Amino acid sequence: APAERRTFRIAAIPADGVGVEVVAAGRAVLDALASASGGAFAFDWTEFPWGCGYYEKTGRMMDDDGLEALRDFDAIYFGAVGWPTVPDHVSLWGLRLRICQNFDQWANVRPVHFHPGVVPPLRKADHTELDWVVVRENSEGEYAGFGGRNLAGRGPGNEVALQTALFTEKGCERIMRFAFDLARTRTRRKVSSVTKSNAQQYGMVLWDEVFARVARDYPDVETESVLVDAMSAKFVLRPEDLSVVVASNLNADILSDLGSALAGSLGLAASANLNPERRFPSMFEPVHGSAPDIAGQGLANPIGAIGSAALMLDHLGLPEEAERLRKAIDATTGAGVLTRDVGGSATTDQVVAGVIERLGL
Ligand code: ATP
Ligand code: MG
């Protein structure tokens, strides 16, 4: 009997700046992979025109019924949001965070991968051996959105603003179990928990307590608790000691940018916003922003977006194809096909062609 052909329905939201270029790049690679599968699977793309350009025309970052339109897709493939003409908190909350929050994408996975052929800013002889994953709590913590501003009775110059971080036992526990389960799939079974619990004695102490409790269910996984300042130093000085790093929304946001910079460029870093229960679609996007300084010139590094496509393949149940794509990415950078941000002179299109050419390796 002929093998069943699987068609995955993917919503593409390129949004702003280089997001448009890198989403096109990722789509081209995924379609090439599907053709090479001999019909085993295919992607059915629907592109949404949302973003800052859309906002300028309509006053909305996305359609009011946009979440309904996205709900039944198998996954969302996202570019980057933000443009100088729209305030950042408007564009971010109006599109990307709106999707993350409404689709309960509470786990944000950000691998730090050192690509062959890319010379990192800090040279370690064995840097291509380095590989760790930042697991970011993506639904509460410091970005819960609680707080307010108040001038009442105080007068100009004396305004008070509160920004409250929210930590729930359930929220801590689910992200930690996610991190421990991920550690079990890796060569090094270790989870490092990051807090600032010496200075933040409520939320971060709850985090530490839940971590210690969850760890007892995973006796085969090594653990450590590290303060975020010490962890920043560790990223630079002893990264070979890391495998899975679990941290709150803000801490993980900062650490994962540090990780991608250490690996050579923000343009290399991939990420997945997951709804692990699969009640809603998950979203895959490069870590970088819209990069207005290089947008529209064909210079954007598409590796972060293509790596995010590999994470999407894992999520869709195609781990062998994901691995094949990761090998093609490494072979491409290893052959010196690099964009300007990582010291090369290749265009976005040349990197895409390089990856497609190497899919059969
Ligand atoms: P955001 O607020 O959305 O995170 P940002 O302003 O912090 O955005 P980016 O838009 O990511 O940052 O740009 C930061 C720097 O990294 C810029 O100099 C930009 O050119 C560079 N950069 C970002 N993405 C890429 C990419 N894909 N290829 C090459 N350079 C990139
Ligand atoms: Mg940024």
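## Helix packing, sheet and ligand surroundings

Helix H1 passes helix H9 in a right-handed crossing, in a model that is predicted. The axes of H1, which spans residues 18-36, and of H9, which spans residues 303-315, come within 8 Å and cross at roughly 45°, and the two helices are therefore oblique to each other. On the H1 side the contact is made by Val 22, Val 23, Ala 25, Gly 26, Val 29 and Leu 30, which meet Gly 304, Ala 305, Ile 306, Ser 308 and Ala 309 of H9. Sorted by class, the residues of this contact comprise eight nonpolar, three polar and no charged.

An open sheet is formed by 10 strands with mixed pairing, in the order S2-S1-S3-S12-S11-S4-S5-S10-S8-S9. Strands S2 (41-47) and S9 (222-227) stand at the edges with a single partner strand each, so one side of each is left without a neighbour in the sheet. From one strand to the next, the twist averages 25°. Within the sheet, S4 (residues 107-113) and S11 (residues 270-274) run antiparallel and are joined by three bridges, with Asn 108 standing opposite Asn 273 in S11.

| Helix | Strands it lies across | Angle |
|---|---|---|
| H7 (residues 228-237) | S8 (190-195) and S9 | about 110° to S9 |
| H8 (residues 249-263) | S4, S5 (131-137), S8 and S10 (244-247) | about 155° to S5 |

Ligand 1 is surrounded by 16 residues, of which the closest are Gly 267, His 288, Gly 289, Ala 291 and Asn 301. The shell around ligand 1 holds seven nonpolar, seven polar and two charged residues.

Methods
Residues are numbered from 1 along each chain as its sequence is written. Chains are lettered from A and ligands numbered from 1 in the order in which they are written. This is a predicted model: local features need pLDDT of at least 70, side-chain atom pairs count only at pLDDT 80 or more; totals for chains, interfaces and linings use all residues. Axes are lines fitted to C-alpha atoms, for helices over the stretch in contact, and angles run from 0 to 180 degrees between N-to-C directions. Helices (H or I, at least four residues) and strands (E, at least two) are DSSP runs, numbered from the N terminus. Angles under 35 degrees count as roughly parallel, over 145 as roughly antiparallel, 65 to 115 as roughly perpendicular and the rest as oblique. A crossing is left-handed if the near helix is turned anticlockwise from the far one by less than a right angle, and right-handed if clockwise. Two residues are in contact if their C-beta atoms, placed from the backbone, lie within 7 Å. Ala, Val, Leu, Ile, Met, Phe, Trp, Tyr, Cys and Pro count as nonpolar, Asp, Glu, Lys and Arg as charged, and the others, Gly among them, as polar. A residue is near a molecule or strand if its C-beta atom, placed from the backbone, lies within 6 Å of it. Two strands pair if DSSP finds at least two bridges between them.
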